[in-house]
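Student: Could you take me through a close look at a single part, the nonpolar core and what surrounds it?

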Amino acid sequence: MENEDQILLDQLKGGDYTAYELIFKKYYKVLSTKAYFMLEDDMEAEDLVQNLFISIWQKSFSFR
């Protein structure tokens with residue numbers, strides 16, 4: 001994991017909403033594209049990645 005990513009993860013664990021937003025902006029498009037190539041369905045790919053980020057957000061509260 002890159003140092004920048006580790007810093008963002010640590011900030012997310014601390015409840016920093018900005019870190020979550022930066023992670024989302026950095027990875028959403030890449031993950032959606034990869035999911036699309038695997039699923040060959042735009043809507044399914046977007047739903048999958050959105051659910052992933054929802055899960056990350058919910059779990060970030062359990063880190064505290």
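Tutor: Happy to! Contact here means heavy atoms within 4.5 Å. This is a predicted model, where local features need pLDDT of at least 70, side-chain atom pairs count only at pLDDT 80 or more, and totals for chains, interfaces and linings use all residues. Residues are numbered from 1 along each chain as its sequence is written, and side-chain values use heavy atoms, leaving out hydrogens and water.

A nonpolar core is a set of buried Ala, Val, Leu, Ile, Met, Phe, Trp, Tyr and Cys residues joined through side-chain atoms within 4.5 Å; buried means under 20% relative accessible area (1.4 Å probe, protein chains only). The largest such core has 10 residues, among them Leu8, Leu12, Ala35, Ala45 and Phe53. Helices are DSSP runs (H or I, at least four residues), numbered from the N terminus.

Take Ala45, a member of this core: leaving aside neighbours within four places in sequence, Ala45 is in contact with Ser32, Ala35, Tyr36 and Leu39.

Now for H1, where Asp5, Leu8 and Leu12 are buried. These three lie on the same side of H1, because they cover an arc of only 60° around the axis, taken from the directions from the helix axis to the C-beta atoms. In general, an α-helix has 3.6 residues a turn, so residues three or four places apart point the same way. The cover over the buried residues of H1 includes H2 and H3. Just after H1, Gly15 takes a positive phi of about 90°.

Note on methods: Buried means under 20% relative accessible area, exposed over 50%, partly exposed in between (1.4 Å probe, protein chains only). Helices (H or I, at least four residues) and strands (E, at least two) are DSSP runs, numbered from the N terminus.
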